[in-house]
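This report describes one protein chain, part by part. The sequence and structure come first, and the description follows.

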Amino acid sequence: MMVLKDILYKVTINAVVGSTSITVGKIEFDSRQIEVNDIFVAISGTITDGHNFIEKAIKDGATAIICEVLPENLEDGITYIEVANSNQAMAYMAANFYGHPSENLKLVGVTGTNGKTTVSSLLYQLFKKAGYKVGLLSTVKIMVDNTTYKATHTTPDSLTINRYLKMMNDEGVEFCFMEVSSHGIHQSRTEGLKFEGGIFTNLSHDHLDYHDTFAEYRDVKKQFFDQLPKDAFALTNIDDKNGLVMFQNTVAKKYTYALKNYADYRAQILENEFSGLLLKLNESELWTRLIGSFNAYNILAIYGTAELLGLDKVEILKLISELENVAGRFQYFISEGKITAIVDYAHTPDALKNVLQTINDIRTKNEELITVVGCGGNRDKTKRPKMAHIASALSTKVILTSDNPRNEVPETIIEEMEKGVEPQNFKKTLSITDRKQAIKTACQMAGENDIILIAGKGHETYQEIKGERFDFDDYKIVQDYLKQLQK
């Protein structure tokens with residue numbers, strides 16, 4: 001139990017009705033979780049407005065209400081706090097409530113369109129191998145040292161972030177690596193956190209269903225670096241044309257990495273094969289099991305971060321050579337029939353292009369490259385034709401299918417994708433609505449030494465259709481079908 005006024009430290013308050021000296025239980029923004037003496041934060045979400053549930057929250061026992069607009073009818077004995085921004089207020093309140101847990105460990109945020117999960121997950125893996133207690137907040141999972149928790153968002157809400165960081169404090173965790181999404185930044189989920197450093201991977205077409213323009217999407221990413229303290233580090237990819245934009249207003253110490261430009265951390269690809277990459281990183285040669293130029297960038301980000309956090313250079317190189325692929329990120333196997341199957345999360349045009357170019361760089365061109373790809377429903381529609389255009393241009397055969405259709409008609413999504421296929425690529429493009437059938441068809445089409453890429457869902461073990469989630473694992477399904485074909 002805490003006193004309300006202590007929880008409100010640093011919150012921008014417009015008006016107060018009632019006492020801030022009351023003792024309160026916990027903070028909630030979901031009215032269904034309210035218990036006696038709780039604080040209810042009314043947030044205007046993209047789907048529902050929490051202000052509509054203030055009355056219900058009070059009925060269920062809330063004694064303090066945080067809102068952007070005061071209700072017309074104010075109830076006696078209830079404290080109402082009008083704030084400028086409920087998301088921001090909740091972020092500061094969460095940090096206060098849990099005792100500022102981000103200050104008791106070294107927290108590093110990773111932002112960008114592609115590579116967030118890989119960089120944060122591999123940093124977790126590297127620091128664990130180095131013998132530290134480590135935390136991870138990622139799309140795939142949340143790790144409190146050795147304990148795994150399920151992730152529901154790329155960047156969780158501020159209450160969840162601070163709750164897990166407090167658990168990490170209790171476990172003696174020294175470093176935490178966290179994916180920072182544009183949604184998370186825009187909705188103030190990372191406010192009130194103390195970051196030791198920030199990493200920028202790259203910026204390409206994504207989330208234009210949420211952000212009105214690409215410039216807005218870029219500027220939201222930049223806000224994360226604007227807010228870093230002067231004793232933090234900012235590490236950016238300067239091969240990306242937006243890399244230096246991230247530095248414009250930051251007071252953090254600036255460091256760069258690149259494959260093509262002069263930078264603090266620079267690499268050259270010496271060999272690129274399905275077995276891994278041979279890199280010249282600064283002045284040292286390094287072999288890694290990770291594949292492709294996009295992973296060369298990820299390795300640079302990891303190397304730079306580890307050095308900036310104080311690890312020995314020689315030890316970092318050794319540990320990077322031991323790193324294993326992240327689930328659903330260029331995860332591949334070779335079947336008994338010598339068919340290579342690759343599952344990758346690539347769900348943006350740029351990510352899909354990177355993966356297909358990597359495969360084309362490695363393959364001899366005597367094999368078929370069969371790509372199975374879809375686009376999510378209720379998401380950015382402008383990338384649909386681009387995804388199909390890239391897939392059909394860079395593959396020998398393409399099957400357009402469902403991803404997570406959510407509340408949209410799968411056939412409509414596929415029709416919108418088909419518009420991006422150029423006439424010369426019509427003959428090599430099929431459309432199969434059922435994703436399982438599409439994967440099965442790809443397996444039946446493939447012969448010895450051929451390559452199948454299944455893109456878009458990666459680590460996900462479900463398919464979301466009309467509000468329901470059904471078990472669906474691309475990696476397991478393609479494994480099973482290729483095994484059946486050997487019988």
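Two strands pair if DSSP finds at least two bridges between them. Helices (H or I, at least four residues) and strands (E, at least two) are DSSP runs, numbered from the N terminus.

## Basis of the model

The model is predicted, so local features need pLDDT of at least 70, side-chain atom pairs count only at pLDDT 80 or more, and totals for chains, interfaces and linings use all residues. Residues are numbered from 1 along each chain as its sequence is written, and side-chain values use heavy atoms, with hydrogens and water left out.

## Domains

The chain is divided into domain 1 (2-97), domain 2 (100-322) and domain 3 (331-485); such bounds come from an automatic or database domain assignment. The centres of domain 1 and domain 2, taken over C-alpha atoms, are separated by 33 Å. Domain 1 gives 13 residues to their contact and domain 2 gives 11 residues, where contact means heavy atoms within 4.5 Å. About 1000 Å² is buried between domain 1 and domain 2, with carbon and sulfur atoms giving 61% of that area. Buried area is the accessible area (1.4 Å probe) that two parts lose on being put together, summed over both.

UniProt, in an unreviewed entry, places the feature "domain: Mur ligase C-terminal" at residues 328-458. UniProt positions are given in the numbering used here, feature names are shortened, and annotations may be inferred rather than shown by experiment.

## Strands and hairpins

An open sheet of five strands with mixed pairing has the order E2-E7-E6-E5-E4. Strand E2 (13-17) and strand E4 (27-28) are at the edges with a single partner strand each, so one side of each has no neighbour in the sheet. Inside this order, strand E6 (residues 64-67) and strand E7 (residues 79-83) pair in the parallel sense over four bridges. Ala64 has Thr79 in E7 as its bridge partner.

Strand E9 (residues 134-137) pairs with strand E10 (residues 141-144) in the antiparallel sense over three bridges, and a hairpin of three residues joins E9 to E10. E10 is also joined by four bridges to strand E11 (residues 147-150), and E10 and E11 run antiparallel. Val144 stands opposite Gly135, and Val144 also stands opposite Thr147 in E11. The hairpin of E10 and E11 has two residues between the strands, and Asp145 takes a positive phi near 55° there.

Strand E25 (residues 462-465) and strand E26 (residues 468-471) run antiparallel, joined by four bridges. Tyr462 is opposite Asp471 in E26. Their hairpin has two residues between the strands, with Lys466 at a positive phi near 50°.

## Nonpolar cores

A nonpolar core is a set of buried Ala, Val, Leu, Ile, Met, Phe, Trp, Tyr and Cys residues joined through side-chain atoms within 4.5 Å. Buried means under 20% relative accessible area, exposed over 50%, and partly exposed in between (1.4 Å probe, protein chains only).

The largest nonpolar core has 41 residues, and those with the most contacts inside it include Leu126, Phe177 and Ile299. Helix H8 (residues 293-308) supplies the largest share of this core, eight residues. Not counting residues up to four places away in sequence, Ile299 touches residues including Leu277, Leu290 and Ile320. A second, separate core of 29 residues includes Ile142, Met168, Phe195 and Tyr217.
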